[in-house]
Amino acid sequence: MAQRLARIHGTEEDKVNCPFYFKIGACRHGERCSRIHHRPAFSQTILIKHIYRHPVREAELRALANGQDGNMIDYQIDEKKALEDFLEFYENMYEELGKFGRIDCLCVCDNLGDHMLGHVYCKFMDEENAADALNVMNGRYYDGKKMEVEFSPVTDFREARCRDFDEGGCARGGFCNFMHIKPVPLCLIRSLEEDVEYERRKVEEDMRRRSSRDRSRDRDREERRKRKRHSRHGSSRDSRKGKSERKRSRRSRSYSSSRSRSRSRSDSRSRSVSRSRSLSRSSRDRDRSSSSASRSSSPRHTD
C-alpha cells in the first residue's frame, strides 16, 4: 500500500494531492481545488507571482480603459518592443536573483491564465540560496508591483512545460495549464552567467577584504589597549616606587636632623656643664685667696 501511494503521488491517479500543483506549482482552481496543495517548507525553486507584465494582457487593459474593441488587440502590439521589454526584464531578474547564488534555471511564463499570468520561476543550485532570495525579495517592489515570493514544488521543468508550445504551437494557446516558457537566447544566458559570477566573486572578495581589515583593526585596537594597560601599570609602579623613595628620604632626613639636634643638645649641655664647673672652680679660688689675705692682715698678740 505504501509503495502504491508513493508511486501514484502527484499523478492523475492520486485522488488526494493535486497533480497540477505538484508539477507546475499553480492550479487553475486555486484555493477551491478539491485536492490538497502541499506547499513545501524549503525548496531549490522559488516562485515570484504575477511579476511579469504580459504584453497581451497589458494591451487588453489599455483597450478596456480606452473603450476599444478587444478583437483588435493583436494589431496594437509591437512585437519588437515587447521582445526588448522581455529581454530587459529577464536581465534584471537574472542579475538580481544571481546575487544570492548560482542559478540553475530561470523561467518566465507566457501563459494568459489568471493562475499563471506573469509567473517567474527561479531554481537555484542550493536550497540555502533559494531561502535567502525568498527572505529578501518577498515584499519588495519591482516596476510598481509588490513581489509575492514563495517556495515552489517544481524541480523538473521538463515535466512542467508544454511540449506542444516548445515544438511550435499549442492548440490551447495562452490558456494552457502547462508552462509556456518564453524562449531566451542561449548566448544571453551565458553572458548573464559570466557577469553574475564576476559580480558575486567581486562581492565575496570585498567581503573577505573587509573582514580581514576589521580583524586587523581589532588586533590593533587590542594591542593599543594592552599597551595602555601596561603603561598605566608601569606608571603606577613608578609612582609607588617614587613615593616609597620619597618616604625613605624623608625618614632619613628626619633621622639625620634628629641626630644632629640631639648632638647639638648634648654639646650645649656639655658646654654648660663645663662652664658651670669652671665658674665654681674660680669662685673657690677667689674664696681661698680672700681668706688667706685676711689671715695675713690680722695683728699677732705677744705675751
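The side chains of Arg225 and Glu222 form a salt bridge, with N and O 4.0 Å apart. A salt bridge here is a side-chain nitrogen of Lys or Arg within 4 Å of a carboxyl oxygen of Asp or Glu. Both residues belong to helix H8, three residues apart, which is about one turn of the helix. Arg225 is partly exposed at 48% relative accessibility, and Glu222 is partly exposed at 35%. For these labels, buried is under 20% relative accessible area, exposed is over 50%, and partly exposed lies in between, using a 1.4 Å probe and protein chains only.

This is a predicted model, in which local features need pLDDT of at least 70 and side-chain atom pairs count only at pLDDT 80 or more, while totals for chains, interfaces and linings use all residues. Residues are numbered from 1 along each chain as its sequence is written, and side-chain values use heavy atoms, with hydrogens and water left out.

The whole structure contains 23 salt bridges. Side chains of opposite charge can pair when their charged atoms come close. Another pair in helix H8 is Arg201 with Glu197, four residues apart, about one turn of the helix. Their N to O distance is 3.3 Å. Arg201 is exposed at 55% relative accessibility, whereas Glu197 is buried at 19%. These two residues also belong to a salt-bridge network with Arg102 and Arg200.

Which residue forms a salt bridge with Lys49? The partner is Glu148, and the closest N and O atoms are 3.9 Å apart. Lys49 lies in strand E1 and Glu148 in strand E6, so this pair ties together parts that are 99 residues apart in sequence. Glu148 is partly exposed, with a relative accessible area of 43%.

The protein has eight helices and six strands. Helices (H or I, at least four residues) and strands (E, at least two) are DSSP runs, numbered from the N terminus. Along the sequence, their order is α-α-β-α-α-β-β-α-β-β-β-α-α-α. Contact means heavy atoms within 4.5 Å. Of the contacts with a separation of 6 or more, 63% are between residues 24 or more positions apart.

His50, in the loop between E1 and helix H3 (55-66), has a positive phi of about 50 degrees although it is not a glycine. Asp143, in the loop between strand E4 (141-142) and strand E5 (145-146), has a positive phi near 55 degrees and is likewise a residue other than glycine. His50 is partly exposed, with a relative accessible area of 32%, and Asp143 is exposed, with 51%.

Next come the aromatic rings. The structure holds seven aromatic pairs. Rings of Phe, Tyr and Trp (its six-membered ring) pair if their centres lie within 6.5 Å; planes under 30 degrees apart count as stacked, over 60 as edge-to-face and the rest as tilted. Tyr52 and Phe86 make an edge-to-face pair, 5.8 Å centre to centre with 75 degrees between the planes. This pair links distant parts of the chain, since Tyr52 is in the loop between E1 and H3 and Phe86 is in helix H4, 34 residues apart. Tyr52 is buried at 6% relative accessible area, and Phe86 is buried at 2%. Tyr52 also forms a tilted pair with Phe89, at 5.2 Å and 45 degrees. Tyr52, Phe86, Phe89, Tyr90, Tyr94 and Tyr142 form one aromatic cluster.

Finally, the interior. Buried residues make up 29% of the 303 residues. A nonpolar core is a set of buried Ala, Val, Leu, Ile, Met, Phe, Trp, Tyr and Cys residues joined through side-chain atoms within 4.5 Å. The largest such core has 29 residues, and those touching the most other members are Ile46, Ile48, Tyr90, Leu97, Leu106, Val120 and Phe124. Elements that each supply at least two residues of this core include strand E1 (45-49), helix H4 (79-97) and helix H8 (186-297). Helix H4 gives the most, with six residues. Apart from this core lies another, of 12 residues, among them Ala26, Leu47, Met116 and Tyr121.
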